[in-house]
Amino acid sequence: VFAEYCIAEKPDLIVATLFRAEFISRLVANKLNIPIIGTFVNDTYSKFEWQQMNVAMKCKIAFFWLLNKWSSRYCYRFLANSESIKWSNARALLINPSLIDVIPRGRELNKFTYSEERFKNEKITFLNVGRIIPRKGQFELVRAFAVLAAKHNNVQLLIAGDGSAMEALKLLVAESKMESNITLLGNVNNVPELLNCADVFVFPSWYEGFSGALVEAMIAGIPILASDIPMNKEAVTHLQDAYLFKVKSQESIIEALE
């Protein structure tokens, strides 16, 4: 169907995003002699991602890596959303880095405003925004926050987002006896409002492409605590416009929260 569409429309260029669409587009573009630009938006071959996979998933990723590596030769150029993603994919797929251009992810500025209201909360309010999956670091954050809340009765944590690990995260909150201190908001459509109400944004992700949630926090002007992954370091600098803590380290997150 896509090939028929390309024959009818005669595009001058194809830009494909995410692997399944990219793979099909590369085959069609090669067959019809249409230039195609590939995109890199995630650190698919990260050591953290690899470590948490079971054997079946590792075999699946290895298969798609071979397809990706083989079909990437059909691309005219590539776009990445961060320098870190550029270099990690260049190494993994043996692509000449000079063929990869970087366009960082952005947001509409007028949707986010700075507010002094966040500093008037009865409790110091920490906010996390992201999909609820292990690599976003919410499990480490909840454990670290439980330690903080045991010493300070004036803190609360809001976690906005949903995902495959939501039920497991709810169970961890219950086991930590943190139901009165931690609120799991689920999917929300008022992130700008939450950023204006919270005191501190916490972003403990193991790896990213280039985080839209972090960009939103920067635009809103909220104090930021973030993991020291390369993708975050492209956006913020430790003790300059954020406090960076060691990735996957509960102790380091506790220190940052303190």
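**Exercise 1. Find what the buried residues of H6 pack against.**

Solution. Start with the setting: this is a predicted model, where local features need pLDDT of at least 70, side-chain atom pairs count only at pLDDT 80 or more, and totals for chains, interfaces and linings use all residues. Residues are numbered from 1 along each chain as its sequence is written, and side-chain values use heavy atoms, with hydrogens and water left out.

Step 1: helices (H or I, at least four residues) and strands (E, at least two) are DSSP runs, numbered from the N terminus. H6 covers residues 138–151.

Step 2: pick out the buried residues (under 20% relative accessible area, 1.4 Å probe, protein chains only). In H6, 10 of 14 residues qualify, among them Phe-139, Leu-141 and Phe-145.

Step 3: look for contacts (heavy atoms within 4.5 Å). The partners are S5, S6, H7, S7, S8 and H11.

**Exercise 2. Describe how H6 and H7 are oriented to each other.**

Step 1: H6 contributes Gln-138, Phe-139, Val-142 and Arg-143, while H7 supplies Ala-168, Leu-169, Leu-172 and Val-173.

**Exercise 3. Decide whether Asn-128 is buried or exposed, and list its contacts.**

Solution. Step 1: Asn-128 sits in strand S5, residues 124–129.

Step 1: its relative accessibility is 1%, so Asn-128 counts as buried.

Step 2: leaving out residues up to four places away in sequence, Asn-128 touches Gln-138 and Leu-141, as well as Leu-158, Ile-159, Ala-160, Val-202, Phe-203 and Pro-204.

Technical notes
Axes fitted to C-alpha atoms, helices over the stretch in contact; angles between N-to-C directions. Parallel < 35°, antiparallel > 145°, perpendicular 65-115°, else oblique. Buried < 20%, exposed > 50% of the residue type's maximum accessible area, 1.4 Å probe, protein only.
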